[in-house]
Amino acid sequence: MNTSGSHDLRNIVTEAADEAVNLGYRVADRLHTWREARAQENGKEPVVVPSVGYGAPGWVRVIGRALYKTDMFEEFFNTLEGENPKSEPIRGWRSFTSIAISHARVTVRIENHEFTVQADRGGVVDERIEVDLEPGIHEVYMQVPGSKPAKTTVYIVPPEQKIGVISDVDDTVMVTALPRPMLAAWNSFVLNEHARTPTPGMAVLMDRIHRAHPQAPFMYLSTGAWNVTPTLRRFLSRNAYPKGTFLLTDWGPTPDRWFRSGSQHKVESLKRLAAEFPDMKWILIGDDGQRDPDIYNGFAVRYPQNVAAILIRNLTLGESVLASGRVWGDKRAQQITTGDLWMEANDGATLLARLKEVGLL
């Protein structure tokens, strides 16, 4: 067998793939540079879209995104500023028309403290700041040169709080039927937030957890893009989900990949939370349509001291087919781990009953 010939062929294919990926990244990068320059030439107003942050005594994590307020984004941003759940529905594609301010210098004010941080290439601010604040909710103001201050909050988790919640979004709190490409595009770009469907019983489940543990931090961990933060926040508010922090990711190609790894984003986020809150036990909530069972199980194996429960929502037959192309639901959860930590059900009401059985409610 000519192994040398096959090895050379693999090298050629790999080089071609690398060039294609790098080309995709370069094209996206140049397009962004051109759009940003045009926004500056046209005098577009800079704004900051802030997200809820979190922290502990001694530090906070602030999250937001610096953008130019384009005409197409005007209605979307005005609706965001109003924060009125009953306002007119906004199509998801509007959130992707924004133009990020690359490497923006962002001023962050927390009470009488002021800091300057730098956004990344996509305008995202995700910074840990060393500051000692009392446990509870604190107002945060973020702005870039030429913008108005944008207000958000950070929640400083009390040291005695030992239960927290980490929840997936797609097919866990809302039915999205990801990752089928056409359906994913429809849900992300076309469907307005009023038409998105909440999953049965999950809002009640989360509310009951919040009532039982009122000081628990809530983290919404998703492979969704930072662009959808305002829409996601409005959806959760409208459907009575507890307020929390969104841990999202960038959208588009990277220097070495066509698409960013959603699984890697979730694994790294969980690892970070375990390091930030070493004494916290998390209630992990997800679904069996994608990789949540594998990711949560891996976290439980590596950090057993940081897991209070793993709740997996079993997708219906139709949802399972749409989400992953499988005819039957994914049974990996039953095969991966057993014990009182692992709970599965088709709806939030049943999962709620299971939490009562183990004394978490």
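I took helices (H or I, at least four residues) and strands (E, at least two) as DSSP runs, numbered from the N terminus.

I noted that this is a predicted model, in which local features need pLDDT of at least 70 and side-chain atom pairs count only at pLDDT 80 or more, while totals for chains, interfaces and linings use all residues. I numbered residues from 1 along each chain as its sequence is written, and I used heavy atoms for side-chain values, leaving out hydrogens and water.

**Entry: helix 5.** I counted as buried anything under 20% relative accessible area, as exposed anything over 50%, and as partly exposed anything in between (1.4 Å probe, protein chains only). Eight of the 10 residues of helix 5 (residues 229–238) are buried, so the rest of the structure largely encloses this helix. Among the buried ones I listed T229, R233, R234 and L236. Just after helix 5, I found A240 with a positive phi of about 65°.

**Entry: nonpolar cores.** I defined a nonpolar core as a set of buried Ala, Val, Leu, Ile, Met, Phe, Trp, Tyr and Cys residues joined through side-chain atoms within 4.5 Å. The largest has 57 residues, and W282 is one of those with the most contacts inside it. Strand 15 (residues 307–313) supplies the largest share of this core, six residues. Apart from it I located another core, of 24 residues, including V48 and V144.

**Entry: W282.** I placed W282 in strand 14 (residues 281–287). W282 is buried, with a relative accessible area of 0%. Taking contact as heavy atoms within 4.5 Å, and not counting residues up to four places away in sequence, I found that W282 touches F277, F299 and A308, among others. The C-alpha atoms of W282 and A308 are separated by 5.3 Å, although these residues lie 26 residues apart along the chain.
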